[in-house]
Amino acid sequence: MKRFYFLLISLLIIIPLRANVQITHAQGWLETVFAEWNPMTNYADYAVYIKPEGGSYSIVDQPLIRSYGSYWRVDIPGLIAGQYQIKILPLDSAGQEITAEAAETTMLNVVSHDRNGYAHFQYPNGVGAYQNDGSLKTGAKVLYITKNTASTISTNVTGADKNPCVGMQSIIDAYQKGKETTPICFRIIGTIQRSDLDHISSSAEGLQIKGRNADSELQITIEGIGNDATLKGFGILVRNAASVEIRNLGVMTGLDDGISLDTDNDHIWIHHIDVFYGPNKGGDQAKGDGGIDIKANSKHVTVSYCHFWDTGKSSMCGMTSESGPNYITYHHNWFDHSDSRHARIRTMTVHMYNNFFDGIAKYGVGSTMGSSVFVEANCFKNCPHPMLISKQGTDIHDGVGTSDQTKGTFSGEDGGIIKSFGNQFIGSYTCEPYSANRTQHFDRYEATSRNEEVPASVVSLLGSHTYNNFDTDTARIYTYTPDLADSVPSIVTGPKGAGRCQHGDFQFTFTDADNADYEVNTALRNLIDNYTTSLLYVSGESNSNPGGNDTIPTPPGDSTISSGDYLCIFEGGQPSSNFYTISGNYSSSKGTFTYQGVTYKWCLKLESATSVSFTTSEEMTLILGFDKAAANIKIDGTKQVATNGIIQYTLPAGSHQLTKADSNNLYYINLIPTSSQTDLPSNSASDNTSVRKLFINGQLYLLHPSGAIYSPTGLRLR
């Protein structure tokens with residue numbers, strides 16, 4: 001018996017036990033579930049399945065599976081409320097699922113998005129690409145947009161001048177023809193910069209969604225995946241469009257506004273957006289211009305569960321050209337130490353309920369030009385002027401006896417009327433209610449019940465405008481149940497509250513000193529300007545690091561490690577390295593070159609005037625890549641011919657030049673110092689016979705002599 005146990009123990013020592021996927025976190029969210037798990041040493045990718053309670057598993061789209069270096073994550077949107085379970089399986093090098101090492105979550109609870117508001121009022125088919133139950137509309141297209149696919153994603157669009165349409169903006173532009181009726185959902189993964197797009201159709205804002213005529217139904221959704229989806233360096237302009245949804249995105253340092261609804265839009269839903277600083281244009285635009293603006297006869301709009309981070313001009317609602325009443329809803333938004341325009345309302349009819357005004361520097365809601373605003377069950381915390389009506393009351397009056405009508409605090413226009421009910425005020429504030437003794441200089445009409453009508457005798461001081469009592473007319477208001485004002489802060493800042501999923505990946509904490517400060521917060525500005533996602537890899541993409549840092553940082557204390565400074569490719573028609581002096585023309589339509597699992601489409605055309613010059617300080621191996629197996633090039637005046645599209649040529653220290661031999665296309669240049677070279681790289685990420693270990697921020701990476709960097713699982717990161 002002792003011998004049996006000894007043999008059993010020996011076998012356990014010799015034969016390694018299999019380890020299942022280790023799920024570290026899994027949770028249901030709003031029509032979404034997500035899970036995170038630890039990387040496994042032997043596997044570079046995973047498959048993920050999902051099933052509803054009582055149903056069967058179905059596989060999820062590959063791009064929903066991403067690596068962040070120290071963990072993997074999947075987010076699965078488009079789910080009807082209910083219970084769901086996720087199964088995660090590692091894939092071997094041949095892409096086969098290792099079922100013996102799979103792991104499953106417990107049942108995860110998914111709840112519906114809050115669709116209260118005017119965007120969905122009398123609009124039963126759903127706004128954008130989703131139905132009202134949270135599932136995609138029948139036949140809807142889904143396109144995944146990363147840094148690497150924003151300019152190359154393609155699909156056919158009915159009526160387009162040329163098919164397939166290539167690039168996110170080009171696809172949206174084709175919908176402007178008005179002949180395509182297929183709903184379409186663009187899913188943003190990681191950070192998308194302006195330079196990643198094929199082009200922008202609005203020089204003022206960035207990405208443009210535009211219909212053929214006023215209120216053209218487009219059925220477009222732009223949504224972020226996970227907690228780090230971000231548009232950086234541009235915003236979104238919506239014009240002449242109906243049925244557009246924008247959700248779960250961060251918008252940073254745009255061109256002008258973050259999101260602008262400009263001219264003849266209808267049934268637009270903007271929700272769960274993190275609105276950050278725009279570009280610093282100085283003066284009252286030091287924090288950017290508008291956060292989310294609603295202009296020029298846009299109507300039936302809901303802005304909900306958005307997080308405004310110290311925005312200067314949070315939301316303008318109305319210009320001077322609206323026909324009114326337009327009908328706009330703001331609910332469950334978090335105005336986080338922002339300054340003004342929450343919202344600044346002209347002409348329109350607006351319902352503002354259950355918003356959290358948290359440390360406001362100037363004023364909360366402002367009513368002008370005959371607008372009717374119902375401000376209901378909001379929490380105003382440290383907001384000096386919760387509500388203002390232009391040119392009357394606190395706007396020009398000190399609340400005691402003197403007034404100055406020559407200049408209002410926020411507007412010189414005629415006033416509107418604000419009905420207030422059930423709001424909570426925390427901290428010192430001034431917000432004078434209408435009364436028999438205060439019929440002119442009031443800031444709000446304080447109702448005694450939610451259904452009380454504002455009398456026609458209550459008029460604005462300038463313009464004699466009255467309240468239209470839309471909120472008590474069942475033909476003009478949706479059915480809803482507001483939360484109590486004192487519960488709003490915990491709801492809005494809670495796990496299913498304002499901003500992106502899990503409140504996004506951006507962390508910053510305001511202090512009490514920020515409450516009355518409307519200057520740019522330097523610490524916040526620096527974090528926004530320098531923000532990058534930690535996303536490294538999207539499943540199904542050969543190129544890595546979508547939207548993350550352009551280089552993996554060199555670990556402190558080891559400055560001898562190269563991160564591929566000699567690697568030069570020509571993505572976007574420009575060289576990626578300034579080590580080489582290059583003159584010539586570029587193209588993305590000549591063919592492709594694939595090397596070590598990465599496919600390159602941009603090339604340097606080898607023409608009579610083409611020249612690549614560089615100087616090496618030691619003996620190095622030059623590697624060149626072409627689209628033709630037997631392509632040629634002159635190296636220091638001598639013609640060299642490729643084998644299987646690759647030239648490997650040893651260069652001594654000194655000055656060198658590459659020029660045309662025959663007409664060919666060069667896609668790839670790299671140099672490997674002979675002093676660090678024990679072998680040359682193959683086209684396989686598993687060729688790690690001479691790798692060096694890197695520890696970056698506590699994480700292990702593998703450096704190949706080619707300059708390529710891999711994860712410990714053999715996944716090529718750079």
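A salt bridge is taken here as a side-chain nitrogen of Lys or Arg within 4 Å of a carboxyl oxygen of Asp or Glu. In this predicted model, Lys313 forms such a bridge with Asp284, the closest N and O atoms being 3.1 Å apart. Because Lys313 lies in strand E25 (residues 313-317) and Asp284 in the loop between strand E21 (266-275) and strand E22 (292-295), the pair ties together parts that are 29 residues apart in sequence.

The structure holds 29 salt bridges. Among them is the pair formed by Asp161 and Lys177, whose closest N and O atoms are 3.3 Å apart. This pair links distant parts of the chain, with Asp161 in the loop between E11 and E12 and Lys177 in the loop between H2 and E13, 16 residues apart. Asp161 is exposed, with a relative accessible area of 70%, while Lys177, at 30% relative accessibility, counts as partly exposed.

A further salt bridge joins Arg73 to Asp75, with the closest N and O atoms 2.7 Å apart, and both Arg73 and Asp75 are buried. Salt bridges that share partners also bring Glu36, Arg66, Arg73 and Asp75 into one network. Asp75, in strand E6, stands opposite Phe34, and strand E6 (residues 72-77) runs antiparallel to strand E2 (residues 32-37), to which 6 bridges join it. Both strands belong to an open sheet of 5 strands with antiparallel pairing, in the order E1-E2-E6-E5-E38. The edges of this sheet are strand E1 (23-28) and strand E38 (537-538), each of which pairs on one side only.

Beyond its neighbours up to four places away in sequence, Phe186 touches residues including Met168, Ile171 and Ile172, each of which is a buried residue of H2. Helix H2 (residues 168-175) is mostly covered, with 6 of its 8 residues buried, and what covers these buried residues includes strand E10 (141-145), strand E13 (184-188) and strand E16 (216-224).

Definitions and conventions: Residues numbered from 1 in each chain as written. Predicted model: local features only at pLDDT ≥ 70, side-chain atom pairs only at ≥ 80, totals over all residues. Heavy atoms only, no water. Pairing = 2+ DSSP bridges. Helix = DSSP H or I, 4+ residues; strand = E, 2+ residues; numbered from the N terminus. Contact = heavy atoms within 4.5 Å. Buried < 20%, exposed > 50% of the residue type's maximum accessible area, 1.4 Å probe, protein only.
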